[in-house]
Amino acid sequence: MQDARPASSLLTVDDFERAARARLSRMAYNYYRSGADEGWTLRANRRAFRRLEIHYRVLVDVAERDMSTTLLGTKVPFPILVAPTAYHSLAHPDGEIASSRAAAELGTIFTLSMLATTSLEDVAAASDGPRWFQLYVHKDRGITRALVQRAEAAGYRALMLTVDTPVLGRRLADVRNNFVLPEGLAMANLVGAIPADGGEREGSLLTAYIASRHDASLTWGDIEWFRSLTRLPVLLKGIVRPDDAVRALECGAAGVIVSNHGARQLDGAPATIDVLPSVADAIAGRGVVLLDGGVRWGTDVLKALALGANAVLVGRPVLWGLAALGGEGVARVLSTLRDDLSVAMALAGCPDLSTLDRDLVRKAHP
């Protein structure tokens with residue numbers, strides 16, 4: 001069923017999600033939307049932001065706001081990046097190419113998922129914006145090594161290694177829908193490395209792939225091996241503990257992403273905004289700290305920055321924009337969040353990112 005509302009009425013991320021749901025197949029929407037098991041952490045990611053109040057300052061000159069920052073040597077005009085999400089072509093035929101071009105148009109970083117439906121080389125050829133590449137370590141280390149080499153050759157500026165997926169969390173909607181990519185779509189970066197249909201399976205295609213190909217024996221020693229494969233900076237995605245954040249730096253990581261995988265792995269994991277301050281304190285400026293999970297408003301971005309993040313990443317919002325309006329929708333979602341952050345900074349008395357500090361954000365009274 002098509003959403004009859006005009007595009008001009010799409011003012012928030014939630015508006016874009018409603019428009020996307022009307023355009024997506026039930027299986028695709030459930031794949032993007034769902035979390036693990038009963039969805040406790042999925043709800044907690046957003047609710048945790050609502051428990052934080054902004055204790056704004058007044059009589060500050062905010063006639064001009066500077067939202068720019070530099071991440072791993074790349075200057076971006078605002079601290080909102082595109083998170084790695086799989087299978088963009090489920091949302092729109094132009095897939096990752098449309099999403100990456102929209103990010104480039106706005107000057108921000110696009111992170112391509114290893115499980116993309118467009119190859120990393122094709123995305124690089126289609127967009128001149130800054131790009132990072134996300135991947136997992138395979139049982140066949142040759143596959144991992146080849147992906148790293150391809151990303152370097154294609155001009156990606158950093159690698160994001162997801163470390164919270166030794167096995168796949170149980171995503172009930174995907175199991176019930178017997179999730180599979182429609183005919184004509186494939187995990188483009190892995191063509192030739194894995195069977196086209198994921199092999200014999202029951203239930204979700206992704207569950208079968210992870211079980212057969214991912215290395216569940218991965219340890220901290222393997223992070224040092226992975227770091228040795230590349231000259232690019234490496235970020236570890238899936239960190240919720242300060243001791244793990246410190247160990248990531250000790251293993252040569254350039255920083256961490258405070259993430260619970262969009263609540264798609266361990267149900268009962270903490271909301272990311274709740275653990276961000278302790279991770280940021282442990283990093284203590286020695287590396288990059290990014291956050292994803294539950295970001296839907298500019299005020300969410302402001303809270304994350306105030307609590308220690310250098311920037312945030314958004315995943316589902318980008319997919320909702322892509323499904324609703326293609327590349328234009330992705331650009332609209334990102335610019336909406338950017339503009340919302342600018343207004344929030346003005347109203348909070350913060351003319352630039354350096355003025356976003358812990359004193360600005362406090363827990364709401366019960």
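A residue is called buried when its relative accessible area is under 20%, exposed when it is over 50%, and partly exposed in between, as judged with a 1.4 Å probe and protein chains only. By that scale Val246, at 24% relative accessibility, counts as partly exposed, whereas Thr230, at 9%, counts as buried. The model is predicted, so that local features need pLDDT of at least 70 and side-chain atom pairs count only at pLDDT 80 or more, while totals for chains, interfaces and linings use all residues. Residues are numbered from 1 along each chain as its sequence is written, and side-chain values use heavy atoms, with hydrogens and water left out.

**Overall fold**

- The protein comprises 14 helices and twelve strands, where helices (H or I, at least four residues) and strands (E, at least two) are DSSP runs numbered from the N terminus.
- Along the principal axes, the C-alpha trace spans about 65 × 55 × 40 Å.
- Buried residues make up 58% of the 366 residues.
- Of the contacts (heavy atoms within 4.5 Å) with a separation of 6 or more, 73% are between residues 24 or more positions apart.

**Helices H2 and H13**

- The axes of H2 (residues 26-33) and H13 (residues 316-325) come within 10 Å and cross at roughly 155°; axes here are lines fitted to C-alpha atoms over the stretch in contact, with angles running from 0 to 180 degrees between N-to-C directions.
- That crossing makes H2 roughly antiparallel to H13, given that angles under 35 degrees count as roughly parallel, over 145 as roughly antiparallel, 65 to 115 as roughly perpendicular and the rest as oblique.
- Tyr29, Tyr32 and Arg33 of H2 make the contact with Arg316, Leu319 and Trp320 of H13.

- Val246 is found in helix H10 (residues 242-250) and, leaving aside its neighbours within four places in sequence, is in contact with Ala282 and Arg286.
- The C-alpha atoms of Val246 and Val137, which are 109 residues apart along the chain, are separated by 21 Å.
- Thr230 lies in the loop between helix H9 (220-227) and strand E8 (234-239), and its contacts, again leaving aside neighbours within four places in sequence, are with Val148, Glu152 and Leu159.
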